[in-house]
Amino acid sequence: MTAAAPPPVIVLVRPQLGENIGKAARAMLNFGLTELRLVAPRDGWPNPDAGPAASGADVVLAEAAVFDTLAEAVADCTTIYATTVRKRGVTKPVLTPEEAAREVHADAGRSAYVFGPERSGLETDDVALAHKIVTVPINPEFGSLNLAQAVILLAYEWSKGVALSSPPEVPLDPPAPHGEMEQLIQHLIRDLDTAGYFFPADRTEATLRTLRTTLTKTGWSYNDIRMMHGIITILGRTPRSR
């Protein structure tokens, strides 16, 4: 599936720490977003703390644009989404990140996701400038997200509509025939019996049943079983002198 619209820009309004800007850039690039706009960063720009925190997302930081006001930062955008956990007295449509991502992909114009300062979030005037509010469903008893977390949630939802690479799938080994597992169980029982594990004697049957149930819960492959045979054999040997 190919995105029907340009990727959204990420706008950080009055960000306080260079480290958080770097982490936000890293979150962006993880999910294919590269256009970062900064509105009046507290410590100026560039910030030496941003680079190390970006962990290689240098292209995002190098091309970040700085603006004095939010209105200037989103002047070319047709739809502006304010990210906040509170409506702040402003009546706007409220969307989840998933709903906002669907709209961004369906909109032929440029969209912006706007994030507020770390401590206070977006001010009422910032939210009033936006067209819609994006709110993350979150635990009402602990509604605290850091800046990078908020960015990554929205970037991830947007990324589901584009063709990003996925980690290669590694096929699992097929389960071994039960006969192989039975041989392993008998091997283990013999060594446990030799070591005096089954005590007291009247609990032996119940212990064996529990052991068998435990070992047959998962689909062991041939290699898994062969490895366990080796482990049991080594454990049953007399330790080498050193």
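**First stop: a strand residue and its surroundings**

In this predicted model, begin by selecting Thr79, which, once its neighbours within four places in sequence are left aside, is in contact with Asp107, Arg110, Ser111, Ala112 and His131. Thr79 is found in strand β4, residues 79-83, and because its relative accessible area is 11%, under the 20% cut-off, Thr79 counts as buried.

**Second stop: a pair of helices**

Next, select helix α5 (residues 97-106) and helix α7 (residues 147-159), whose axes come within 8 Å and cross at roughly 50°. That angle makes α5 oblique to α7, and the crossing in which α5 passes α7 is right-handed. To see where the two helices meet, display Pro97, Glu98, Ala101, Val104 and His105 in α5, together with Leu153, Leu154, Glu157 and Trp158 in α7. The residues of this contact between α5 and α7 divide into 6 nonpolar, 1 polar and 2 charged.

Is His187 buried or exposed? With a relative accessibility of 12%, His187 counts as buried. Setting aside residues up to four places away in sequence, His187 touches His229, Ile232 and Thr233, and with His229 the side chain of His187 also forms a polar contact of 2.8 Å.

How values were computed
Residues numbered from 1 in each chain as written. Predicted model: local features only at pLDDT ≥ 70, side-chain atom pairs only at ≥ 80, totals over all residues. Heavy atoms only, no water. Buried < 20%, exposed > 50% of the residue type's maximum accessible area, 1.4 Å probe, protein only. Polar contact = N/O pair within 3.5 Å; in protein donor to acceptor, adjacent residues only side chain to side chain. Contact = heavy atoms within 4.5 Å. Axes fitted to C-alpha atoms, helices over the stretch in contact; angles between N-to-C directions. Helix = DSSP H or I, 4+ residues; strand = E, 2+ residues; numbered from the N terminus. Parallel < 35°, antiparallel > 145°, perpendicular 65-115°, else oblique. Left-handed = near helix turned anticlockwise from the far one by under 90°. Nonpolar A, V, L, I, M, F, W, Y, C, P; charged D, E, K, R; others polar.
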